[in-house]
Amino acid sequence: MKSLKALVITAPGINCDLELSQAFAAAGAKPESILLSRLIRNPTLVDQFALIGLPGGFSYGDDIAAGRIMAALMRREMYPAIAAAITRGTPMICPCNGFQIAVQAGLLPGPTTSTNLHSSTSSKSGAWPNLAAAPTVALSTNIGERFHDGWTCVEIPSNTKCIWTRGLSLKQDCDMLPSAHGEGRLMTDVKTLETLEKNGQIALRYAAKDNFNGSMNAVAGICDPSGLVFGLMPHPERFTRWTQHPWWTRLCAHTRSGDALGLSIFKQAVAFVGGGEQAQIQIANRESAHHNNTT
Amino acid sequence: MSASHSPASRSQTIHRVEVRPGLGCVDVRGSSLLKRVIADGGAGARAINYTQVYFLSGDLNQVDLDFISRQLLADPVTQVAFTGASAIPNTGCTIEIHPLAGVTDPAAESVELAVEKLIGKVVRVQTGERWDFHGASVSEGLGVSAKYLANTVVQAVHAAPYMPTQFPAGAARVVEVKEIPLLKLNDDELEKLSRQAHLFLDLQEMRAIQAYYRGLSREPREIELETLAQTWSEHCVHKTLKSRVSYREKSLVMGSPSLLARAGKISGHSLGEVGEMVVDNLLKHTVAAATHSLMDATKPGSIDWCLSVFVDNAGVIAFDDTHALCMKVETHNHPSAIEPYGGAATGIGGCIRDVMGTGLAAKPIACTDVFCVAPPDVTVPKGCLPPTRVLRQVVAGVRDYGNRMGIPTVNGGVWFDPRYVGNPLVYCGVVGLLPRELVRGVVRSGDRIIVLGGKTGRDGIHGATFSSAELTDSHADEFSHAVQIGNPVTQKKTLDAILAARDSGNKPLFHAITDCGAGGFSSAVGEMAKDIGAVVNLELAPLKYQGLTPTEVWISEAQERMVLSVAVANIAALQKLCDDHGVTLCDLGEFGTPNKELILLWNDLEMGRLSMDFLDGGLPNPVREAVWDGDWHARYAPVAAPAQKRSGGMLETLCALLAHANIGSKAWIIRQYDHEVQGTSVIKPLVGKFGAPGDAAVLQPLADSTRGVSIANGLATGLAADPYIMTLAAIDECVRNLVCVGTDPTKIAILDNFCWPSCKDPRHMGSLVRASEACLDGALAYQTPFISGKDSLNNQFTTETGETIHIPPTLLISGLGIVANVERAVTMDAKMPGNMLVLVGFTDDRMGGSHRVVLGDCVNTNMQLPMVDLMTGPKTARAVAACIASGHVTSAHDASEGGVLLAAAEMAFGGDLGVEIDLGAVPCENNISLEARAFSETPSRYLLEVAPENIASITTMLAGVAHAVIGKFNNSGLLVVGNEKISIGALRAAWESAGVNW
C-alpha cells in the first residue's frame, strides 16, 4: 500500500503540529505541514490529501478564547474545501485546540445536528452543506478554572460511529490518554447532547472518576455523523510510544509489546482510507441523512 | 496599543462591549474567586460575577459591531455580549481593572488582528475586567481587588464601569542630541548623577567614563551614557564575579574548611602580603577554570563533548553525532517582586530567547523553574506583595508563557524562607536542540542588522540597571517602567520563522543571531558588533506607539525581539518567510564600521558615537575586599520553628517532614504546566500510579532515536551558613538526581546561578568567594563541567523603616545529562513486593541546616553542616550508575531533604507498596542516634530497589562503597520502622497536604 498523504494545518500559535505529524508517520501515513496562510491562498491544496489533522496549540494566542480567531478564519476561508474533503470520505482529527476550532468553525458536530441543516438541500446526498453550521457545542473554561495537564482513563461508547475510535478495545487500566488544556469543558444544550448520544457521535469519554474539566456526560471527544471528523480534548498524538505513558516503568514487557492507544487511533484511520472503505462511508452518510430526515 | 499609528488612532467614538456567561452557564472565574475569598475568611460578597470588557475604536458600523461582539468576542453557545455598560448590582458594587497605557495587552492585539483579517478594518482595542460583587460594599470590593486581582503597577482600578473618552496616542516629538555635562563634575556629583539617571554605575566607573570623555574633550551624549550603563551593568558583564578579589578568613565554625591553603597552589590564586588570598578574576579561575581543565585535551580522559562554553547565550554540549543540546538558566527576581505574573513570564520568555539565539538558533525543547519565596504566614512589609500572591502569579506567568510557546516545563522546585519576602527568586531554565554544525555564528561586516518579532515600546526601560539595584519599599513606583507583560504568540511566530530561515535552504539565511534581553538593542547590537562596529538607524525600529526618544528606542527591553546578521542577498528570502509566519522584519542598519565604532543615527542626525574598544574594554576592574566571618554568616542558617512538643514518635516526625512546604507535593504547580507538549516526555515530574516526586526529567528529543536527555537541579539553601558546603551539596544533589533516572555519569554538564545579597559588603563577597571555590572543587571532583552561568547580586529589600532584609545566599545548580537509552530509564516508585531496599552511602549525624532541625525539638546535638566528601561522592555516584545500567535496579531515589526514612516513604507510596525498614542496618558510626539515621541529610546517599536474586551482583558492583540492605517492600500497605507503623495512604496524604489551598 503506497503511503497516504496527511495534511497537518499549522498557524501562528499552533504548537502540537510536530507530534501530530510524527503520529501520522508512525501510523504509516506521509505527513506534510502547511501554514493556514498558504492554504487560504490555495484551498485546493486540501484535495491532495487522504487524511487531515488540525493540531493543538494556542492558535493566534487564544487570547480572546481558545481557537476563536482560527475558527473564524477556517469558517470563512477553508470551510468549502474541507467540507468537500469530508464528503469525499477524508478522515480528519482535531485534538485539543483543533477541537476548540472545529466546534466554532462548523465542522463539529457536523451537519445533522447543525441548526442550518434543513436550509441545505445537499445533505440528502450525504454531502456536507455549502454553509458552515452555526456552533452548537462549546469548550469552556475547565471547572477548576486552571490549565490542567494529566492522564485520564477513557471509554469508547459501543455505539460510536467514529472511524478513529470505534471497535478499539480498552481492557487494561493503562489504556489512558493525556490531556493538557484550560478550556476543555464540553457544553451544549440537552437536546443536542441527546442527539449526539443517540447518533453514535460520542467518540470518547473520560472515565467517570477522571472527568477533571467537568464536561457534560464526561464527553472527551465527538465525531460528525459520518464518523470521519473526530474532535477531542486529549492528545492521542502524545501516546504513540509506551515510554510516553506516565507509569510505563511499572508495565510488563508483554503489555508494552502492543500498540500504544494513541497510535492505534491513528492506525485505524490510516487503515480506513487505505482499505478503500470510502464506499461504505458514503452509505453511512446517506443513512444518517435519511435518519435525520425522518426525525 | 499595537495598531496605534494607523489612521484609527485619530480620536473616534469608542464602543464598549461586555461579554459574560449566558443563562445557566457557570461563571467559573467569578465562583472561583468567591471560593478563595470565603476560604481566606474574607467578608462581604454573596456572589461574584466576572465580565470581560472590550473597548473598540475605529470606523465601525452596527453590522460590524454585531459581528465582532457576537461572532468574535462572545461564544454563541455559552456567552452573551452586551454593548455599553450594564447596570451596577443594586445591592453591591462593580470594580473594573484595566491595563495602564503602554502595558502590553495581548487580547487587544488579537482582536485588532482578527478585525483586520475578518472585516478588513483597522481598529484600536483595549480590554479590561469587570467584577460585580453582590452584597459587598465598594470598599470591600476594592479590598478583594487589591488582594487577589489588580496590580496598580500595570493596571488601573475603577470603582464603577469605566468608559475612556479616547485612547492615549503618542505624539511624535522633536528629536535633539542631548549632552550630559560630566567633564567638570566632582566625585559627589558623579555619584549623584549615576543614581538620579538610574545608571547604577559606581564612582570608579563614572570616573573612567569622565576620563574617556576628557580625552575626547567633549561631553557625553545621553544615549552614549545609557549605552555604557547598560553594557557595564552587573546584569550584562558580571563585573563582581570577574573582579580581582582579596579574601581573608575571620572565623570558621560549623565544620567550615579554610580555603587559604589554596593560595599559590591553584592558578590565579596567590598569597597576599598579610596572608590573604588574592584571586585574579574570580569567575575565570574557579567556575570557568574547572571546565577548561576538564576539557584540556592534553590530559588523559579529558571531556570532548563540550561544544561551546561561556561564550554564547547558552552552553552547548554534544547530544549525538548530528545534534547538540544547549542550556541556559536565568533569574528574573526584581521584576517578579513588583509584578510577579509579568516578571516571571518575561523571565522564562527571555531565557527561551537566549536559547533561540544560541549558535545559529536552537529549538527550545524543555523549560525548568525554581522559585524561592517566603512562607504564607510571614509578616509582609510595606511595598511587598503577599507571598501566596507572588507564588500563584509567578506560576501563572511561567505557565502562560511556556504552555503557549509549546515548550514542556519538566523540572523545578520551590524553597521557602521568610527572608525572600521582599525579594523572591525566580529561576527559569531552557534546554534547546540544534544541529551540531550550527553551533557557532559569526557576524559579517557588511551584513544588515535585522530585527524580527515584537515592536518597541517604552516598556522595560532600565531593566538591566534595575536588576543591578537594590529593592526598597518605593521601587514599585520608581521602576514600574522596568516591568512588562509578554506576548508569547509573537515569540512563537518568531521562533517558527527563525527555524524556517535556519532549515529551509541548504544553509541558514543568517550568519549570526542573538536575542534582545537586558539593555535591548544596546546590548544585542553592541555585543554582536563588538569586534567590527555598527551603524544603527534608530528611526527605523517599528514602534508600538509614537513619541519614543532615540535613547528609549535604543535601550527599551520590549519583549519578543531577535537580532540577526543577514547578508543583503538573503533579505528577500527572509522577508518572504516572515510574511508567511506573520512576523515583523526590520532592517535597523549595517554591521561593520571603518574605526570599529558604534554609530547611532536618527534620520542621519548623529545621536551618539562610541568606540567599541572602550565600551567592551573600558570597564575598570578594582580589587574587591572579601572576608569570611563564619560567626556572622551563621545568621543565614534556616530559621528553626519554635520547639513544639511532639509525642516523640518517629513517624509523627516523618509526616511533619512530608508535609513541609519544601518537601511536600508541588502537584498544584506541575499540573498547570504542559509538561508533555512536543510528545518527548519519558520521565515526567510526577511518577508512579499516584504521582510521586521524580528525581529528574527524561526526554526523548528525537522521535526516531531512543537516546535521551535528563534534566535536574540541586539547591541546598538550608546550608547557606557556609556557601562552600552549600555549593558542594547542591552539585552532589544535582548529580544524584540525574544518576537516579539512568543518566551516564560521565556525560553531565552543569550550570551555576548565583543569587546573592549585595556584595559591596565584604562578608557577602567572602561567601561568594567560598561558593565559587566550591564550584571549582565540585566540578573537578564529579567531572561535571560548567557550561553556562548567571549571577544576580543585589537581592535584598530595605523596608520603609530602613531595615534591610538580605536573602540567604542562594546557588542553583542545574544539570543536563545524557541517557544512552530511554527505555532503560528508572523511576523512584517501588515496583514489586519482596524486593529489597538498599541504602548506598555512609550516614553521619551532622544535622546543621537539616529540615529535621528546622522542624524544632531535634534531639541530635551535632549542628555541624554535612560536608560532601569529594572522593566518596563521585565514586558513589558512578557505582550507583553502574548498578542502574546493569538493569538490576527496579527503582532508585536519592536521600535528600528529610533524609533516608522520608525517601523510603516516598518510594513506598509512589508504588503503593508497604515497606519494613531496619534503621539499625544503616551504614554509619555505631553511636549515632536513630533520629540521625532516619532524618540526617548527609549527601551522596541513594536508595535502590533490588530483587533478592540480584542483591549479590549489586553488592559486587558496590564494592568499596558503603551500602546495606535496610528494608524490604511488601503488600501490607504499611510502613513499619522499629515498633511503629503507619499506612502508606496516610504518608501520601501528609505529602499531598502541602499542595492544598493553592
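**View 1. An aromatic cluster in chain B.** Ring pairs join Tyr212(B), Tyr213(B), Trp232(B) and Phe614(B) into a cluster. Here, rings of Phe, Tyr and Trp (its six-membered ring) pair if their centres lie within 6.5 Å, with planes under 30 degrees apart counted as stacked, over 60 as edge-to-face and the rest as tilted. This is a predicted model, in which local features need pLDDT of at least 70 and side-chain atom pairs count only at pLDDT 80 or more, while totals for chains, interfaces and linings use all residues. Residues are numbered from 1 along each chain as its sequence is written, chains are lettered from A and ligands numbered from 1 in the order in which they are written, and side-chain values use heavy atoms, with hydrogens and water left out.

View 2. Over all chains, the count comes to 16 aromatic pairs. In chain A, the ring centres of Trp151(A) and Phe239(A) are 5.0 Å apart and the planes stand at 80°, so this pair is edge-to-face. Trp151(A) belongs to strand 6 (residues 148-155) of chain A, and Phe239(A) to the loop between strand 11 (229-232) and helix 6 (253-257) of chain A, so the pair ties together parts 88 residues apart in sequence. (Helices, H or I with at least four residues, and strands, E with at least two, are DSSP runs numbered from the N terminus.) Both Trp151(A) and Phe239(A) are buried; buried means under 20% relative accessible area, exposed over 50%, and partly exposed in between (1.4 Å probe, protein chains only). In chain B, the rings of Tyr212(B) and Tyr213(B) have centres 5.0 Å apart and planes at 80°, so they too form an edge-to-face pair. Tyr212(B) is buried at a relative accessible area of 18%, and Tyr213(B) is buried at 0%.

**View 3. Where chain B touches chain A.** In this view, 66 residues of chain B are in contact with 54 residues of chain A, contact being heavy atoms within 4.5 Å. About 4,900 Å² is buried between the two chains, with carbon and sulfur atoms giving 54% of that area; buried area is the accessible area (1.4 Å probe) that two parts lose on being put together, summed over both. The rule finds 26 residue pairs in polar contact across the interface, both residues at pLDDT 80 or more. A polar contact is a pair of N or O atoms within 3.5 Å; within protein, one must be able to donate a hydrogen and the other to accept it, and residues adjacent in sequence count only if both atoms are side-chain atoms. Helix 3 of chain B provides the largest share of the side of chain B that touches chain A, 8 residues.

**View 4. A salt bridge between the chains.** Chain B and chain A share 4 salt bridges, each a side-chain nitrogen of Lys or Arg within 4 Å of a carboxyl oxygen of Asp or Glu. One of them brings together the side chains of Asp580(B) and Arg41(A), at 3.6 Å from N to O.

**View 5. Backbone details in two loops of chain A.** Leu108(A) and Pro109(A) are joined by a cis peptide bond, with omega about 0°. Pro109(A) sits in the loop between helix 4 (97-105) and strand 5 (137-141) of chain A. Asp62(A), though not a glycine, has a positive phi of about 55°. Asp62(A) lies in the loop between strand 3 (51-53) and helix 3 (68-87) of chain A.
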